[in-house]
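The sequence and the structure are shown first.

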Amino acid sequence: MDAILLQTLNGLDKGSAYALIALGLTLIFGTLGVVNFAHGALFMIGAFCAVTLQRVLSLSYETIDETQKDFLGNPLKVKTPYVESWFGPDVGGAIIEWSVPLALLFAIPIMIGVGFAMERGLIKHFYKRPHADQILVTFGLAIVLQEVVKYFFGANPIQTPPPDALNGVANVGIIFGMDIVYPVWRLVYFLFSLLIIGAVFAFLQFTTFGMVVRAGMADRETVGLLGINIDRRFTIMFGIAAAVAGLAGVMYGPINAPNYHMGMDFLVLSFVVVVVGGMGSLPGAVLAGFLLGILESYASTTWATTTIPGINQIIIYLVAIVVLLTRPRGLMGRKGVMED
Amino acid sequence: MSKTTVSRRGVLKTGAVAGAGLAAPKLLLADGHAYTNAPTGSTVTLGFNVPQTGPYADEGNDELLAQQLAVEHLNGEGDGGCLNTFTSKALQGNGILGKKVEFVTGDTQTKSDAARASAKSMIEKDGAVMINGGSSSGVAVAVQGLCQEAGVIFMAGLTHANDTTGKDRKANGFRHFFNAYMSGAALAPVLAAEMGTERRAYHLTADYNWGWTQEESIVASTEAMGWETVNTVKTPLASTDFSSYIAPVLNSGADVLVLNHYGGNMVNSLTNAIQFGLLDKVVNNKDFKIVVPLYSELMAAGAGENIKGVLGSMNWNWQLQDAGTKAFVKSFGEKYGRPPSNSAQTCYAQVLLYADACERAGTFNPCGVVEALEGYEFDGLGNGKTLYRADDHQCFKDVLVVRGAQNPTNAYDTLEIVEVTPVEQVTYTPDHPMFAGGDLGTCNPGA
Amino acid sequence: MLGLNSKDFRLFLVVIGLTLFAPVLLNPFPTESGLAQFNAGYPDLMQRFVIFGIFAIGFNILFGLTGYLSFGHAAFLGVGSYAAVWMFKLLSYNVLPAIALSVIVAAIFSLAIGFVSLRRSGIYFSILTLAFAQMSFALAYSVLSNPKFNLTNGETGLQVYNDDPQIFHSDRLPDLPHLFGLSMRASTDIALGPWTFTLNAGYYLSAVFMVAAFYIAIRLFRSPFGMMLRAIKTNQTRLNYTGLNSRPYTLAAFVISGAYAGLAGGLLAAMDPLAGAERMQWTASGEVVLMTILGGAGTLIGPILGSGLIKYFENIFSKINDDVLHSWFAFMPDGLEDAMVFIVHPFVGKGWHLTLGIVFMLVVIFLPGGLVEGGQRLWRWITGANRKKSDDQDTKHAPHAAE
């Protein structure tokens, strides 16, 4: 019983990441109709915002300590971060420790900026081009972004630990009268994803801006004919989608250390999630994200893998096939979106 | 049609061809060099085939730096490094057999197809007589097979699966790196001493060839000392999040978790295990422990704080105090500003061993090199006394058991050496069941 | 001639000429010169050019004509390779039965996957093919290589061992793939002044297959069947309204392109008898998509150019290291030399991915029809802009063919 609960939690947690990435991808892919292969790269850039902030905060000056030796036998250079010398070791240390949450503030403007730049500089010219061209150009962009990050940060993963207060485990089983411990940060990630998903939905549902965008998704031409500058709103939506992907990346860092190809690892999966959810449907993307996350977790249990060997390797794709064959447009897809 | 695998460059360097006209394809045979890519000019070309893109790019880069250093030392540049400490004095610092050493590089992408393509271009286009490098067993086995077919020598880089010198051993291939069996054999006594002989172990294993041999080895050696294996679970290679594999460990009754993972898999699975607070648990009245059978410096750096106190094994570490290690660390450190990794050291040693074998054989002919390396005993390249066993072309030397340091003073001493396991303890017979089924074949000089 | 109109026949002759003289054309630089780094005329790469050319031509029959974007075509290539290596293991190293079986197996496999996937169109079709291919990859990499039932040999790749049956093998035959005794690795070097050209048996065998594949593709493009496929691409709904069932046509196109992929896979194994699971990974499927679009989807020659360019980068640019750079810029003063090396360094060697990404973007931004359009523009520029009227080829090789 508690094993099932634990795997459900794991599933929700995996699902959070899938849902957040798929949500942003759906905004671009399912609504603007752009096949954005660079979406995974946006997720990765988000994670490296946190890495960069951590590096910046840890910028240090060196003092030579004659009493210690480095590996070549020369006097050891001791590094002290500037923030620690400015604010004292306690406050400075705390700032460095909280670099991941701090990076959220720092990542929002950066990611929106990246999104704007991408849309205005590149994607805009590809709305009317064939999907094949979109694939090629965004894939090229993804490679370039990835290689630039690799050039500066290397290929090795870089740890971005959570603050100590949010590290460690919490007993979530108390509610059910059981003993189930779960990492605090993963719970934070789940709640954070709910918050972001809620915010995006509220934004689209309850603001005039959101209404226009929804109208534009349904029928871009008519909205344009009404004299509304839909293009500018789509640019902003692109920025928001980039920010959602980026924030998902920032918060993902403490779960698994960021590396330059983490975006590619998620890319294919996020396309599967979006399509299983149904093209053009935001709730579909979120639902599919959590569903696939949970099923993946259940399939990883020893019971599942001994019953059907290799099920944990293929479950996501198997579910995708079953869903697409039984429901032609995914879980909640709209008719006519990207069907030709 | 006759089969020649000589490179164009090799042909050209004979100087026998000028002007227009067809050249005899068997030109080199007439010269008496009846082997692939026989160097005929004043230089000899080595091929350094390492991952330069993909997750292991940094590891590959480190190997490449060490290989370049080896070439410098062979050509008599720099401080000579291990040439001064190597027990064989055949190398003079004037290249190999008087020919200046040149090298070409390529990208394996850590894919066997790409690695073979890259190695083939070195052999067919650049005239390489030896291929060295790599950071995975799949690539090593694939390239080793290619070198056997093409008639050049393969000096493996980082490859840890038993199969490289077991089921897939080849006469033209040589492995300096240790293997999964040795990891198990070296770790077991240390584990027994530190954790007792009544432990219950839970294994997470990367679901591919290396993972399986690693699991088989460590299960065998821990069970032999009395441990119980609670469960062995295979995890997909493509996994990035291991939470759903870690969570069941909590209630399994196991008190040791063994992570048969490497690279990004290991970094993530260890990070996840720490997140779930495994190391803070007390199970069966014992402190919960984690073991990572194969460590590397880059993985340690990637896993950061999480490796503190976690035991594992290594082929070599820069903190060793023998003369060979010191000489190499000094050369590498002064040139590149940081200590070398164990995969860098293995590539460096392999290049020197190849060069030395050519010198002693008096030829670049693969069959001569194989003869010179088989059963060869040496010292002074780090790891102490080492034997290249003739039966399977595996090096036998001391193996290190290491632990993540509790209080590292800098970015490089994140691992501390717990024990240097003597070679006798990790030696096995060539027909050991874990290595059975292989056939070395005979050396192939190509041409 | 040969059932082709004169324009197609000319194109066909050009392709034959290019493949026949590839060993010369791809080695334009003298062997000892610094630019020899850019020579691509060595057997392995030439083989890859034509084999991936076959793969891309086949993919284009599906994608370029019907507009169905399969994201799982690498699975058929992988299956073809496995089939070929199994023939080597069981029968002998003769490549013909191996290649024949690889085409058949890939065709059957693609019939099964196509039958299911073609129930959906557009992105839903793409994801279905992707899912099938990823499942094949995952299973081949791990489950199907377990010691009890080792079909694929997993990570290491399927290869021939000395104790395999090889019932038709004899000592007279080479221990490598061969065509009735002619080893695929057999090469003859021709030295011509400072140049050296390598003529390789395996390359020419692959080239024969590619020329045949190309010929069949032209005939397909120009046939009523090809017209039908284009009609499906233009407007499938309208076609269905006319009472035509388009499924058999798309399925036929899918199986044909799957068989092409299988042929490519079989040839890869015939040139180098090892089949790795990563041949089936989504990145490999994505690569053939990129090759086709890069060259020009829907054009005859485009996919071949696209595959050539990508393989060239992968094999040539990745080998340019700092030492090579220093030797190129050695004529410059020291400071300038280092500066040049510093500037070029991120784009070559381990940075070859970066250059490839930039090339993708530049091509698609400035040449919407892919490399073919680049070639056409170049041709028009050479022959003079006033000959604009002779652009009739554009109607046939519609550069905006992809959707």
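## Basis of the description

The model is predicted: local features need pLDDT of at least 70, side-chain atom pairs count only at pLDDT 80 or more, and totals for chains, interfaces and linings use all residues. Residues are numbered from 1 along each chain as its sequence is written, while chains are lettered from A and ligands numbered from 1 in the order in which they are written.

## Chain A

Chain A has 13 helices and four strands; helices (H or I, at least four residues) and strands (E, at least two) are DSSP runs, numbered from the N terminus. The radius of gyration of chain A, taken over C-alpha atoms, is 22 Å, close to the 20 Å that the globule rule gives for 340 residues, so chain A is as compact as a globular protein of that length. The globule rule is 2.2 Å times the number of residues to the power 0.38. Along its principal axes, the C-alpha trace of chain A spans about 75 × 50 × 35 Å. Of the 340 residues of chain A, 52% count as buried, that is, 20 or more other C-beta atoms lie within 10 Å of their own; residues with 12 or fewer are exposed, those in between are partly exposed, and C-beta atoms are placed from the backbone.

The unreviewed UniProt entry annotates as "transmembrane region" residues 15-35, 42-61, 102-123, 189-213, 233-254, 266-295 and 307-325 of chain A. UniProt positions are given in the numbering used here, feature names are shortened, and annotations may be inferred rather than shown by experiment. Within the model, residues 233-254 of chain A are 91% helix and 0% strand, with end C-alpha atoms 33 Å apart. For residues 307-325 of chain A, the values are 84% helix and 0% strand, and the end C-alpha atoms lie 24 Å apart.

## Chain C

Chain C contains 17 helices and six strands. Its radius of gyration is 22 Å, close to the 22 Å that the globule rule gives for 403 residues, so chain C is as compact as a globular protein of that length. The C-alpha trace of chain C spans about 75 × 65 × 40 Å along its principal axes, and buried residues make up 56% of the 403 residues. Among the contacts in chain C with a separation of 6 or more, 74% are between residues 24 or more positions apart; two residues are in contact if their C-beta atoms, placed from the backbone, lie within 7 Å.

For chain C, the "transmembrane region" annotation of the unreviewed UniProt entry covers several spans, including residues 94-116 and 201-221. Residues 94-116 of chain C are 96% helix and 0% strand, with end C-alpha atoms 34 Å apart. Residues 201-221 of chain C are 100% helix and 0% strand, and their end C-alpha atoms are 30 Å apart.

## A helix pair in chain C

Helix α7 (residues 201-222) of chain C packs with helix α10 (residues 247-271) of chain C at an angle of about 175 degrees, and their axes are 10 Å apart. Axes are lines fitted to C-alpha atoms, for helices over the stretch in contact, and angles run from 0 to 180 degrees between N-to-C directions. The two helices, α7(C) and α10(C), are therefore roughly antiparallel to each other, a term used for angles over 145 degrees.

From α7(C), Gly202(C), Ser206(C), Phe209(C) and Ala213(C) meet Tyr260(C), Leu263(C), Leu267(C) and Met271(C) of α10(C). By class, this contact has six nonpolar, two polar and no charged residues. Ala, Val, Leu, Ile, Met, Phe, Trp, Tyr, Cys and Pro count as nonpolar, Asp, Glu, Lys and Arg as charged, and the others, Gly among them, as polar.

## Contacts between chains

Between chains A and B, 36 residues of chain A are in contact with 36 residues of chain B. On the side of chain A that touches chain B, α1 (2-31), β4 (181-183) and α13 (311-326) of chain A each supply at least two residues, and α1(A) gives the most, with seven residues. That side of chain A has 14 nonpolar, 16 polar and six charged residues.

The contact between chains B and C takes 47 residues from chain B and 43 residues from chain C. On the side of chain B that touches chain C, α4(B) gives the most, with seven residues. By class, this side of chain B has 17 nonpolar, 15 polar and 15 charged residues.

## Two asparagines in chain B

Most residues other than glycine have a negative phi. Asn37(B) has a positive phi near 60 degrees and is found in the loop between α2 (27-30) and β1 (43-50) of chain B. Asn37(B) is buried, with 31 other C-beta atoms within 10 Å.

Asn285(B) also has a positive phi, of about 60 degrees, although it is not a glycine. Asn285(B) is found in the loop between β9 (282-283) and β10 (286-287) of chain B, and with 6 C-beta neighbours inside 10 Å, Asn285(B) counts as exposed.

Conventions:
Angles under 35 degrees count as roughly parallel, over 145 as roughly antiparallel, 65 to 115 as roughly perpendicular and the rest as oblique.
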